Amino acid sequence: MAHKPDDDYDYLFKVVLIGDSGVGKSNLLSRFTRNEFCLESKSTIGVEFATRSIQVDGKTVKAQIWDTAGQERYRAITSAYYRGAVGALLVYDITKSVSFENVERWLKELRDHADANIVIMLVGNKSDLRHLRSVQTDDAQGYCEKEGLSFIETSALEATNVEKAFQQILTEIYHIVSKKAIDADEKGARLPNQGTSIVVDQPADDRPKKSSCCSS
């Protein structure tokens, strides 16, 4: 029996979305994985995830993207949420300077709880609201240069740079992981099947629950 496309992949990478509540994390997730956007989306309760596979250098990379509520009351999930993550999108709202000011706190939490080699991208979302901008692009770029982060501005509403953001971070992760696999191979280490780096300890048939974008 032929594999379903969703089951047929070379690498599986866990990527987490973090940032203040209301910056658009859930809509970035739904835009990338389902090409959907919901103006009336409710705050995420707890954790949800969705998957999508892309091609990188001729390999199929399956991204399992985790989204969590930005509210303080859900902070207890931190260690489990970050476990096994190889990438993180740290999201702020370009119209809310406080969400950018809180980036430093989110980055500290990420570095306290995630793997030291996690790939981090700062994402300034809601670029469609340029007339309401309160965080200047140059300020965000300067912060990223200081902290060694990659940076992009997106609009989940207009689907601007959303694809590019995920493609860029997954490609960077792939190059790091595949280089490690080559280095290990040269040293005679035994690699997992397919040379795959599985970073999520879950059965293959586990699927994210399907729910309406605007379900309450």
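Let's start with strand β3, residues 59-68: 9 of its 10 residues are buried, so this strand is largely enclosed by the rest of the structure. Buried here means under 20% relative accessible area, with exposed over 50% and partly exposed in between, using a 1.4 Å probe and protein chains only. Strands (E, at least two residues) and helices (H or I, at least four) are DSSP runs, numbered from the N terminus. Keep in mind that this is a predicted model, where local features need pLDDT of at least 70 and side-chain atom pairs count only at pLDDT 80 or more, while totals for chains, interfaces and linings use all residues. Residues are numbered from 1 along each chain as its sequence is written, and side-chain values use heavy atoms, leaving out hydrogens and water.

So what sits beside β3? On to its partners. Strand β1 (residues 11-18) runs parallel to β3, joined to it by 7 bridges; two strands count as paired if DSSP finds at least two bridges between them. Along this pairing, Phe13 stands opposite Ala63, and Lys14 has Gln64 as its bridge partner. Strand β2 (residues 47-56) pairs with β3 too, in the antiparallel sense and over 10 bridges.

Now step back to the whole sheet. Its 6 strands form an open sheet in the order β2-β3-β1-β4-β5-β6, with mixed pairing. At the edges are β2 and β6 (150-153), each pairing on one side only. Neighbouring strands of the sheet are turned by 25 degrees against each other on average, direction ignored; the axes are lines fitted to C-alpha atoms, for helices over the stretch in contact, and angles run from 0 to 180 degrees between N-to-C directions.

Helices come next. Helix α4 (residues 103-113) lies across β1, β4 (85-93) and β5 (119-125), and runs at about 170 degrees to β4. Helix α5 (residues 137-147) packs on the sheet and touches β4, β5 and β6, its direction making about 160 degrees with that of β6. Contact means heavy atoms within 4.5 Å.

Finally, look at helix α1, residues 25-34. With 9 of its 10 residues buried, α1 is largely enclosed by the rest of the structure; among the buried ones are Leu28, Leu29 and Phe32, but also Lys25 and Arg31. Just after α1, Asn35 takes a positive phi of about 55 degrees.
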